[in-house]
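Please walk through this structure with me, one part at a time. Keep the sequence and the 3D view side by side.

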Amino acid sequence: MNPRRTLATAGRVLSQIRHDPRTIVLLLVVPSLLIGLLAWIFSDTPVFDTVGPAMIALFPFIVMFLVTSITTLRERRTGTLERLLSMPLGKGDFILGYTLAFGLLAVLQSAVAVGYSVWVCGLSITGSVWLLLAVAVADAVLGTALGLLASAFARTEFQVVQFMPALVFPQILLGGIFLPRDQLPDALRAFSDWLPLSHAIDALQAVANDSQDAAYVGGELLIIGAWIVGAVVLGSITLRRRTP
Amino acid sequence: MVHKAAPAVVVRDLHARRGKHPVLHGLSLSVPRGLVVGLIGPSGCGKTTLMRSIVGVQIVQSGEVTVLGRAAGTASLRGRVGYVTQDASVYDDLTVRQNLAYFAAVLGATRDDIDRVIEATDLAANAGQLAGSLSGGQRSRVSLAGALLGSPELLVLDEPTVGLDPVLRAELWALFHRLAATGTSLLVSSHVMDEASRCDRLLLMRHGEVLADDTPAGLLSSTGTHDVEAAFLALIAAHPSPDPAAREAGDL
């Protein structure tokens, strides 16, 4: 691993995206539009204040998962990855470069989503908006890291899109949006404790209601951080210089 | 031309599969330093698998591949060997210069080096264009330019002249010989027989085997033919290849 090569890779990924303004607009605007739609649907009920924080976790997570997994898969398919791996680029440089580039986009995307939810849709946040943003960013980076890992196991674009329902939907169903996690059947409850998105949603709801102290939110952030690191490390291990 | 004692590449008894299919069955060859060596043979004869083995991105079943005195794929070789894949491996959503700037950053090459390879591959007029908007021939030259960065000691070029017009092809072959004259070793594959005469040495391949390893003139005189295509046919007639299906069964 080498910081110059990692940063060069991150810079390269960002300039690729810069040549694609439509993707930038979609990345930044789509989560906010969906959150706005949800606020409108529930405009005469108190529902938005309970599910709103979870949505800030959800949409950037899904969008970043998809964008990252497809971009890295494209790199495998076009032969540029083979070229890079025959050059003095560390596998860690490659994965970390992608994580940094998409992590930066995740920060922007989450900032737009949080700002829009709070100041335009009137989501009531009792806790710190900054802490809310921190959790949202961690969550979008988690989507990026899992997307990188998923792309290692996909050979085609069709397969990678199937990873969405396979890896992401169970986390949404068990994350406490449809039914609070403490009301789930015991086995599912125990299983959901192991899913990173559950912790992201717990943390966002804790900040929104100010129902827990900062140490609790910090602990949840640590769990999400551990998942990010784990996915990045596993992603670079599964990257092979030699292929059949 | 610079001749050194140790060859640039030595391959001994190499067995390799591409996907699930056995492609190389005990191949041995050597590529001398400072020459343009042509790897000539029909599509599917194992040229790409051999080249991937030399640059260290191919899983090999058995055998030895030594590149510049080290085992192929050794980390220290990655900056000393330039590789151009058959399909141009460049980023379509970056400009020519941005593509090369990224590869240069990975290799630790300088900004001057980027200008040098753009010049050498005749891309100065397209440097600011997105690679995706270029013609096939232009894109493959961007890919080639990337491999020239950092002046590697060995260049492994998989069909670098496909789809280029005759003038450009002649220019690239002249470039290859200029590089060889400065001591670079080149292994250039082609399935076009008339390119063979432009090489210093030829490796003729068929069904994963080397049929001949000679200079173009030596090949013509030993087969008593006037062009490489006829020589190739004469060699096939002299070495009838065993049934590939029987060979695969024996191999597994």
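A residue is called buried if 20 or more other C-beta atoms lie within 10 Å of its own. Keep that cut-off in mind. Keep in mind, too, that this is a predicted model.

Now find A:Ile172. It sits in helix H7 of chain A, which covers residues 157–174. Is A:Ile172 buried or exposed? A:Ile172 has 20 other C-beta atoms within 10 Å, so it is buried. Leaving out residues up to four places away in sequence, A:Ile172 touches A:Leu58, A:Ile177 and A:Leu197. Look also at A:Ile201. A:Ile201 is 29 residues from A:Ile172 in sequence, and their C-alpha atoms are 9.5 Å apart in space.

Helix H1 of chain A spans residues 3–18, 16 residues in total. From its first C-alpha to its last, H1(A) reaches 22 Å, close to the 22 Å expected at 1.5 Å a residue. Several of its residues are buried, including A:Ala8, A:Arg12 and A:Val13. What do the buried residues of H1(A) pack against? They pack against helix H5 (91–120) of chain A together with helix H2 (96–107) of chain B.

That leads to the contact between the chains. Chain A brings 23 residues to the contact and chain B brings 24 residues. On the chain B side, H2(B) gives the most, with five residues. By class, this side of chain B has twelve nonpolar, eight polar and four charged residues.

Stay with chain B and turn to its strands. Strands of a sheet pair through backbone hydrogen bonds, either parallel or antiparallel. Strand S1 (residues 9–18) and strand S2 (residues 21–31) of chain B run antiparallel, joined by eight bridges. They form a hairpin with two residues between them. In the turn, B:Gly19 has a positive phi of about 65°. B:Arg18 stands opposite B:His21 in S2(B). S1(B) is also joined to strand S4 (residues 60–67) of chain B, by six antiparallel bridges. There, B:Val10 has B:Thr66 as its bridge partner.

Chain B also holds an open sheet of six strands, in the order S6-S7-S8-S3-S9-S10, with mixed pairing. Why is one side of S6(B) and of S10(B) left without a neighbour in the sheet? Both strands stand at the edges with a single partner strand each, so one side of each has no neighbour there. Within this sheet, S3(B) and S8(B) run parallel, joined by five bridges. B:Ile40 stands opposite B:Ser190 in S8(B).

Helix H5 (residues 166–181) of chain B lies across S3, S7 and S8 of chain B, at about 155° to S8(B). Helix H6 (residues 216–223) of chain B lies across S9 and S10 of chain B, at about 105° to S10(B).

Conventions:
Residues numbered from 1 in each chain as written. Chains lettered and ligands numbered in written order. Predicted model: local features only at pLDDT ≥ 70, side-chain atom pairs only at ≥ 80, totals over all residues. Helix = DSSP H or I, 4+ residues; strand = E, 2+ residues; numbered from the N terminus. Buried ≥ 20, exposed ≤ 12 C-beta atoms within 10 Å, placed from the backbone. Contact = placed C-beta atoms within 7 Å. Pairing = 2+ DSSP bridges. Expected span 1.5 Å × (residues − 1). Nonpolar A, V, L, I, M, F, W, Y, C, P; charged D, E, K, R; others polar. Axes fitted to C-alpha atoms, helices over the stretch in contact; angles between N-to-C directions.
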